[in-house]
Amino acid sequence: MDAAFAAAMRPAFAGDIARNQGMPRYDLQLWIAPASGALTGTEQIRYTNRTGAPLNDIALRLYPNFPTDVFGKGGDVRMDVSDVTADGQAIAPRLVAQDTAVLLDLPQPLGPGASTTLALSFRASIVAWRDGSFPLPSYYPMLAVREGDAWRLDVTRFADHVYAESAFYAATITAPSDLTVIASGSTIGEAQNADGTTTRLVRTGPVREFALAAGNFARAQAAAGDVAVNVYTERGTGLDAAQVARVAAAALADFDRRFGAYPYAELDIQLLPYEYDGGDEFPGLIMLYAGGAVGAGTRYVTAHEVAHQWWYGVAGNDIFRQPWLDEALAQYSGILYAEDVAGPAVAEADWQREVARRYRGALADGNLPIGLAIDEYPSFNVYYRTVYGKGPVFLRTLREQLGDAAFFTALQDYYTRNRYGVGTTASFQQACEQASGQPLGALFAEWVGRSAAP
Ligand SMILES: [Zn+2]
């Protein structure tokens, strides 16, 4: 691990690189060719078996192959892998899970604690967004999560797809020189090539996944302490990137104080035009959609998506089985941001618009628990109203019961204990019980709906 990885971290967290050497390391070489509608790449993954049991195979997710989601996004591109080897020995990849994963049968079992180097080539089609830019999140074969004796190969049509464990990324990204490429982590070098392309070198700290985007971007900048906040938007969209940068930096500073430190040196946002305000969270790079002028809705969504850097990004969770952990926390964090930065009147207006309305819907839907797996909700809309509406009502109820001091201590403890890891409902309940000294089994059973006793 070369010293350049430290460039992706705030100085106080540079030591996290040496401390997490057991995590996978990806080396990506990517070529973005909009003219041919393709992204091609080579990938090496240095993988250590930390499962405690021998592995006969390793699964890689091909997230671009997920079916069209409930918003009509995706389903229009295709990724394939070739030339796969493990420690130099050829492997025939097997497509599984509706082509959203490949299983790689290892030439010999990988024992607990043993390491292997996977190498492969891949090619994927790319499609421009309506503004002409190329948002390319999760655009490489990504290690699946091992659970018990199986790989998690969930497929969903809901909006969020990625369940992954933290890893280091060293990426070399080449694209036509008239495009700007932005990515998770930090760019540590850039060189123009004779053929009209530019190659960028990127490093990340421990991150849950790697996202990138290419476009003819204008940039607005802000800062939260020593963290740089960059907002990029395709030239000509007319979207107010400067205002989003100010909101994102203020939210980052607020959550830094409330929840614990953001460990990375920068946060990028791509601001895209869309029918309504929304966002997709990726570590270090948020895709933020603005439905028009940057208004109250955009401000709230910006805070929600920035909060995902804590909830999902650094402190991960199983987004398929316990999606409330990151989504309810991000929703409530948006309210906290308004409370801290804009005052109680704005926070109350946000609460009515973003939470209370959806909570009424969740009650009308049958008042389901917030802690179900995504496929246990009868539809995306019921899931959405329950987790995004009832979820923050639960967190506000919890805050009232615990008091501010214990509630925020619990959030900080949950964040710290699950840093670069995967939190659970049980670990969240435990943090709340320890911070408050109160048994909370009944409250969690009533709202979250699963016995979360540790
Ligand atoms: Zn969210």
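Start by selecting helix H3 (residues 296–307) together with H4: their axes come within 8 Å and cross at roughly 125°. Axes here are lines fitted to C-alpha atoms, for helices over the stretch in contact, with angles running from 0 to 180 degrees between N-to-C directions. Helices are DSSP runs (H or I, at least four residues), numbered from the N terminus. That angle makes H3 oblique to H4; under 35 degrees counts as roughly parallel, over 145 as roughly antiparallel, 65 to 115 as roughly perpendicular and the rest as oblique.

Before you click on, note that this is a predicted model, where local features need pLDDT of at least 70 and side-chain atom pairs count only at pLDDT 80 or more, while totals for chains, interfaces and linings use all residues. Residues are numbered from 1 along each chain as its sequence is written, and side-chain values use heavy atoms, with hydrogens and water left out.

Now show side chains on the H3–H4 pair. H3 brings Arg299, Tyr300, Ala303, His304 and Ala307, and H4 answers with Glu327, Ala330, Gln331, Ser333, Gly334, Ile335, Tyr337 and Ala338 (contact means heavy atoms within 4.5 Å). Color by class and you get 7 nonpolar, 4 polar and 2 charged residues. Ala, Val, Leu, Ile, Met, Phe, Trp, Tyr, Cys and Pro count as nonpolar, Asp, Glu, Lys and Arg as charged, and the others, Gly among them, as polar.

On the H2 side, pick out Val247, Ala250, Ala251, Asp254, Phe255, Arg257, Arg258 and Phe259, which meet Ser333, Leu336, Tyr337, Glu339, Asp340 and Val341 in H4. This contact has 8 nonpolar, 1 polar and 5 charged residues.

Next, zoom out and color by domain: domain 1 is 3–307 and domain 2 is 321–447, with bounds from an automatic or database domain assignment. Their C-alpha centres lie 26 Å apart. Select the interface and you'll find 38 residues of domain 1 in contact with 33 of domain 2. The two domains bury about 2800 Å² between them, 56% of it on carbon and sulfur atoms; that is the accessible area (1.4 Å probe) lost on putting the two parts together, summed over both.

Last stop: H6 (residues 380–402) and H7 (residues 404–417), whose axes come within 6 Å and cross at roughly 125°. Look for Leu395, Leu398, Arg399 and Leu402 of H6 against Asp404, Ala406, Phe407 and Phe408 of H7.

Methods
Helices (H or I, at least four residues) and strands (E, at least two) are DSSP runs, numbered from the N terminus.
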